[in-house]
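Please open the structure in your viewer and keep the sequence panel beside it.

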Amino acid sequence: MKRILNIFVLAILTSNLFISCDGFFGDEPIDVKLTDGKPRLVIEALINWEKGTTGNDQTILLSKSSSFFETQDRIPATGATISIENETGSIFTFTENTPGTYTTSNFEPILNMEYTLSITYEGEEIRATETLIPVPEIGEITQDIVEILGEEIPEVTFKIQDTPNEENFYFLEVFPDFQPEKETDFFDDEFTDGNEIEVTFSSEYENPDDEEIREFKIGDVIEISILGISEQFFNYYDIITEQSNPEGGPFSLPPAQANGNCINITNPENRPLGYFRLSEVSRESYTYQ
């Protein structure tokens, strides 16, 4: 997707490195021994409160990281005890309904309230603290066709009104109905504090059937979501994006370690992966005309 903002698609990338040794090391095979590290707990505690809903129903996913050679997509982490407590002392307990999927139906979202996630898994206690971040309403949505290098490109634009005199961080999700996955971006209001922010995007989805770029057409339904996020999550996602979109070349410095906000209290060296985030969500569906 192409937007006013730079759009980065988060993906888990695996790559194979092939090195030709002919003529230098001869034909002697090189035996590279790869060791499997201990699986780590992966936490997907993404609490979203969509405007106009109660926000009572929430889901947390737990899984275990797999080895490089593992073919299974997701290894559920079962048997955990999970709860979230807010700063007033209210506790919301999550129940495991299916392996690795934990739900509650009585969560109470309160904007700007601090929440603490507690997980007990395999005898170890994990905690994370975050604040439920508000977000503005999605305003006017329009469409246009712009000419870029002689090519006419359909675009969609929506607006939000940034809250003045405070640092705000946003997470954007755009999901056209003809794509298999949503696309994401994130930005802040460093240069737009208190102003109306316009976000423009166009489709560059490559249709696997004919390898042609699928642009917006009449009747396409595009789901647009914008979430309020903390500066901590903004920085975390920035590192994740950098790691999944390397541009520095083979001699660039390695990216920073992307540590989430979940801490293993019992065994700090066995730090889990993932993140605990709480966001208010503004969501709109737009039909391209």
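Begin by selecting Leu227, whose place is in strand S17; strands here are DSSP runs of E with at least two residues, helices are runs of H or I with at least four residues, and both are numbered from the N terminus. Before going further, note that this is a predicted model, in which local features need pLDDT of at least 70 and side-chain atom pairs count only at pLDDT 80 or more, while totals for chains, interfaces and linings use all residues. Residues are numbered from 1 along each chain as its sequence is written, and side-chain values use heavy atoms, with hydrogens and water left out.

Is Leu227 buried or exposed? Leu227 counts as buried because its relative accessibility is 1%, where buried means under 20% relative accessible area, exposed means over 50%, and partly exposed lies in between (1.4 Å probe, protein chains only). Now show what surrounds Leu227: leaving out residues up to four places away in sequence, Leu227 touches Asn48, Val135, Phe169, Tyr170, Phe171, Glu173, Arg277, Ser279, Glu280 and Val281, where contact means heavy atoms within 4.5 Å. One of these, Glu280, is 53 residues from Leu227 along the chain, and yet the C-alpha atoms of the two are separated by 5.8 Å.

Of the 289 residues in the chain, 39% are buried. Among contacts between residues at least 6 apart in sequence, 66% join residues at least 24 apart. The chain exposes about 17200 Å², and carbon and sulfur atoms supply 48% of this area, as found by the Shrake-Rupley method with a 1.4 Å probe, in which only the protein chains shown count as cover for residues.

The next stop concerns charged pairs. Side chains of opposite charge can pair when their charged atoms come close. A salt bridge is taken to be a side-chain nitrogen of Lys or Arg within 4 Å of a carboxyl oxygen of Asp or Glu, and by this rule the count comes to 9. Select Arg283 and Glu50, whose side chains meet in a salt bridge at 2.5 Å, N to O. This pair links distant parts of the chain, since Arg283 is in strand S19 and Glu50 is in strand S2 (residues 41-50), 233 residues apart. Arg283 is partly exposed, with a relative accessible area of 28%, and Glu50 is partly exposed with a value of 28%.

Glu223 is partly exposed, with a relative accessible area of 30%. Then select Glu140, Lys159, Glu196 and Glu198, which salt bridges that share partners join into one network. For another pair, select Arg214 and Asp220, whose side chains meet in a salt bridge at 2.8 Å, N to O; both Arg214 and Asp220 are buried.

Turn now to some loops. Asn270 lies in the loop between strand S18 (263-264) and strand S19 (273-287), and Asn270 is buried, with a relative accessible area of 18%. Leaving aside neighbours within four places in sequence, Asn270 is in contact with Lys38, Arg40, Glu124 and Asn264.

Which backbone angles deserve a look at the next two residues? Most residues other than glycine have a negative phi. Asn112, however, has a phi near 65°, a positive value in a residue other than glycine. Asn112 lies in the loop between strand S7 (101-104) and strand S8 (114-121), and Asn112 is exposed, with a relative accessible area of 55%. Asn165 has a positive phi of about 60° although Asn165 is not a glycine; Asn165 is found in the loop between S11 and S12 and is exposed, with a relative accessible area of 74%.

End in that loop by selecting Glu167, which is placed between strand S11 (151-161) and strand S12 (169-176) and counts as exposed at 60% relative accessibility.
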